[in-house]
Amino acid sequence: MALGSIELFCLSAELGGFTAAAATAGVTPAAVSRSVARLEERMGVRLFVRTTRHMRLTDAGRVYYEQCRQALDQLVEAERVAGGEQLHPVGTLRISAPTTYSHYRLLPLLPEFRELHPDVRVEVHVGNRNVDFSEEGFDLAIRVRSPGDSGLIVRHLEDAALVVVGSPAYLARCGTPKSLDDLRAHDCIQFDLPSSGRRITWLFRDQGNDIELRTEGGYSLSEDILGGVTLARHGAGLFQTYRFVVEGDLRAGRLVEVLQEASGRSRPFNLLYPSSRHVPFRVRSFIDFLVQKMT
C-alpha cells in the first residue's frame, strides 16, 4: 500500500480536485490522477465521480476517506510523540463564524472544548464576512458558501434545515399562507447577503421539485440575519431561517411554522481551513472535536 497515494487521495477529496491537490503536494495533476487510479484499480471501486466541471466522492470514497484521514492523523501524532513534541494542544485558536452558527452551534460547545484542552485560548470572530486567513491570522472559519478555487480544505459539518415562521399575532392579522402563491400577499422579511449585497432567495421543495423563490416585503436587513427572527417574533411578517435558530420560539409558541408541506430544503455549513501538511495540534484537535459533535 503506497502511503503517498493515500495522501494524494485525501488532498484531492479535501481540496475538491486533482489540480489543487497537485499544487499543494508539489507534483503534477497527472501524477495525482494516476495515484488515485491505482487505488481504485487495487480496491475495485470508484472513489470519485468526475464530470467536466466537478468532482465528488462516491459513497465508497467517502467511507475510505474518513478512514484514511483518521489513519494519517494518527501517524502525524505518532511522529510528534516520537519526536518529543507536546502531547496536548496549547496556544491561541482563532475562529471566524457567522452570527447564526456562532450563537446556536459553536459558542455553546466551546466550554466543553476548553474543559478538554484548558491550555488552548479561543478567539472567536462573530460575523458574516469572508475573512483572509493569511492576512488576518485565522486558523478556521465556518461558512455556508465555500469560496471556489481558494486552496482551502472544506469539511462538511451539517445541512441546516430551513423553515418559514411568523408570530401568532401576525398570522391572526394577515392569515396563514396555504401555498407558495399565497406568499405574494404577505410581508416577507428580506435579508441581503453581506458578501455580495444580493437579496437571498427562499428555498422550498414542492411536490418533489426544488424551488428558489424571490419574495417581497416591507423590511430589509443586512449583516445580522438574527434581526429577521426578532422582526418576525414581534409581528413584522414571515421569515425563512434555520430551524435550529427558532426551535425554542416554536416550542414556546412565540413563532409558528407555516408552509410545512413545502419544507425539506437546507443549507450546508462547512468548516474551512488552509491546506497544509502540518496542521497545528490545537487546530487539529478542534477540527476533530467539532466534526465529531456536528456530524
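The legends below describe close-up views of one predicted model. Residues are numbered from 1 along each chain as its sequence is written, and side-chain values use heavy atoms, with hydrogens and water left out. Because the model is predicted, local features need pLDDT of at least 70 and side-chain atom pairs count only at pLDDT 80 or more, while totals for chains, interfaces and linings use all residues.

**View 1. The largest nonpolar core and the surroundings of Ile142.** A nonpolar core is a set of buried Ala, Val, Leu, Ile, Met, Phe, Trp, Tyr and Cys residues joined through side-chain atoms within 4.5 Å, where buried means under 20% relative accessible area, exposed means over 50%, and partly exposed lies in between (1.4 Å probe, protein chains only). The largest such core has 67 residues, and those with the most contacts inside it are Phe9, Leu140, Ile142 and Phe286. Its largest share, 7 residues, comes from helix α10 (residues 281-294); helices (H or I, at least four residues) and strands (E, at least two) are DSSP runs, numbered from the N terminus. A second, separate core of 12 residues includes Leu171, Cys188, Trp202 and Val258. If neighbours within four places in sequence are left aside, the residues in contact with Ile142 include Tyr101, Leu157, Phe269 and Leu290, contact meaning heavy atoms within 4.5 Å. In soluble globular proteins, nonpolar side chains tend to be buried together.

View 2. Helix α3 has 15 residues and reaches 21 Å from its first C-alpha to its last, close to the 21 Å expected at 1.5 Å a residue, the expected span being 1.5 Å times one less than the number of residues. Its buried residues are Ala31, Val32, Ser35, Val36, Leu39 and Glu40, and the helix is followed by Gly44, whose phi is positive, near 75 degrees. The side chain of Glu40 meets that of Arg50 in a salt bridge (3.3 Å, N to O), a term for a side-chain nitrogen of Lys or Arg within 4 Å of a carboxyl oxygen of Asp or Glu. Glu40 lies in helix α3 (residues 29-43) and Arg50 in strand β1 (residues 48-50). Glu40 is buried, with a relative accessible area of 14%, whereas Arg50 is partly exposed at 36%.

**View 3. Strand β6 and its pairing partners.** Strand β6 (residues 152-166) is mostly covered, since 11 of its 15 residues are buried. Two strands are said to pair if DSSP finds at least two bridges between them, and β6 pairs in the antiparallel sense with strand β13 (residues 266-274) over 9 bridges. In β13, the bridge partner of Ala161 is Ser266. Strand β6 also pairs in the antiparallel sense with strand β11 (residues 239-242) over 4 bridges, and with strand β12 (residues 256-258) over 3 bridges. Val164 stands opposite Gln240 in β11, and in β12 its bridge partner is Val258.

**View 4. Glu212 in strand β9.** Glu212 is found in strand β9 (residues 209-213) and is exposed, with a relative accessible area of 56%. When residues up to four places away in sequence are not counted, Glu212 touches Thr201, Trp202 and Leu203. A polar contact of 2.8 Å joins the side chains of Glu212 and Thr201; such a contact is a pair of N or O atoms within 3.5 Å, of which, within protein, one must be able to donate a hydrogen and the other to accept it, and residues adjacent in sequence count only if both atoms are side-chain atoms.
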